[in-house]
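I opened my notebook to go through one protein chain piece by piece. Here is what I looked up.

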Amino acid sequence: MTKGLSGALPKVVGLGLYGALIVSGLPHALAQASSPVGEKVTLGPWAMDRTEVTIGQFERYVRATGTVTRAEKEGGGFEYVGGWVRRPGWSWRKPDGVSAVADLPAVHLDFAEAQAYCRWAGGRLPTGAEWQKAGFTELRDNPPAPWVKGKTYAWSTGDSPQGANTSDPDPWPRAAPAGATRQGVNGLYDMGANVWEWTTDEQGGQRRTVGGSWWYGAYNMKANVQAFKAADVYVVYLGFRCAYDLTPKGNNPNRAPS
């Protein structure tokens, strides 16, 4: 599905740091900010990736481990077009079947593949409760304006869903690069929309996915959305981010070098 776009939209004028799109017509803070890829946000005794895991980050993992994903082995990932359709050649490398910039979110990955990456990176997938608290309740001691410590917001982007990458008219026809959308609660990006994200919450063999995506309207960004998917699915609008326990729980010899 391609989002319907109407009216005068910003224009892509080039590529920035880590391949991020530079777009004219966007607020200066959105168009010029340097890439936050790889940053972690501390939330008390644990931390979370500031952005969704990107193609560039997943490529580093693949180079280190030799991983070949199911989408690559089984003929391509899936897209919903009046039903699920396998798309030959679509994978984390080419989410839409064409070469992609390194800071787009890594998608076409099932639950186990996402969890394996997080463990290699020294983390894990978050629980639904962790994800929800990080995405909607401001936990930083001294957050910048307009954020208020301890406040729980209606949206992960604040008091409205404006600035998120949904199916509504916006600068992004499909997935947006990390850091291109509006920064939200706790300084996190894309906790609502862009791509769904895996969590460890389980129900009948399925896992909860959170946040909604570019395919949907803003309603799926809400904290109370219960969207469970089969743990073995890999599709074009489903990615992930990792959580990290800051209290050591033993050494992992297979983790990424720091």
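**Entry 1: strand β3.** I started with the side chains along β3, and they alternate. Val41 and Leu43 point to one face, and both are buried. I note here that the model is a predicted one.

**Entry 2: the partner of β3.** Next I followed β3 to β4. The two strands run antiparallel, and four bridges join them. I asked myself which residue of β4 stands opposite valine 41. I found methionine 48 there. Then I checked the turn of the hairpin. Two residues lie between β3 and β4. In this hairpin, glycine 44 takes a positive phi near 75°.

**Entry 3: the sheet.** I then looked for the other strand beside β4. It is β11, paired with β4 in the antiparallel sense over three bridges. Methionine 48 turned up again: its bridge partner in β11 is alanine 243. So I wrote down the order of this open sheet of three strands as β3-β4-β11, with antiparallel pairing. Which strands stand at the edges? They are β3 and β11. Each has a single partner strand, so one side of each has no neighbour in the sheet. On average, neighbouring strands here are turned by 25° against each other, direction ignored. A reminder to myself: strands of a sheet pair through backbone hydrogen bonds.

**Entry 4: helix α5.** I moved on to helix α5, residues 128-136. Which of its residues are buried? My list reads Gly128, Glu130, Trp131, Ala134, Gly135 and Phe136. I then looked for what covers them. The cover includes β3 and β4. It also includes β7 (196-203) and β8 (206-210).

Entry 5: I picked α2 (residues 55-65) and α4 (residues 111-120). Their axes come within 11 Å and cross at roughly 80°. Angles of 65 to 115 degrees count as roughly perpendicular, and therefore α2 and α4 are roughly perpendicular to each other. From α2, the contact is made by Gln57, Phe58, Arg60, Tyr61, Ala64 and Thr65. From α4, Glu113, Ala116, Tyr117 and Trp120 take part.

**Entry 6: arginine 241.** I wanted to see where this side chain goes. Arginine 241 sits in the loop between β10 (238-239) and β11 (243-245). Is arginine 241 buried or exposed? It is buried, because its relative accessible area is 0% and buried means under 20%. I found two polar partners for its side chain. One is the side chain of glutamate 197, in a polar contact of 2.8 Å. The other is the backbone oxygen of tyrosine 189, which lies 2.5 Å from a polar atom of the arginine 241 side chain.

**Entry 7: glutamate 79.** I found glutamate 79 in strand β5 (residues 78-80). It is buried too, with a relative accessible area of 5%. What does its side chain meet? The side chain of arginine 174 makes a polar contact of 3.0 Å with it.

**Entry 8: the whole chain.** Last, I stepped back. I counted five helices and 11 strands. The chain has 258 residues, and 50% of them count as buried. I also looked at contacts between residues at least 6 apart in sequence. Of these, 64% join residues at least 24 apart. The chain exposes about 11,800 Å², and carbon and sulfur atoms supply 52% of that area.

Definitions and conventions:
Residues numbered from 1 in each chain as written. Predicted model: local features only at pLDDT ≥ 70, side-chain atom pairs only at ≥ 80, totals over all residues. Heavy atoms only, no water. Buried < 20%, exposed > 50% of the residue type's maximum accessible area, 1.4 Å probe, protein only. Polar contact = N/O pair within 3.5 Å; in protein donor to acceptor, adjacent residues only side chain to side chain. Contact = heavy atoms within 4.5 Å. Pairing = 2+ DSSP bridges. Areas by Shrake-Rupley, 256 points an atom, 1.4 Å probe, with all protein chains shown as cover. Axes fitted to C-alpha atoms, helices over the stretch in contact; angles between N-to-C directions. Parallel < 35°, antiparallel > 145°, perpendicular 65-115°, else oblique.
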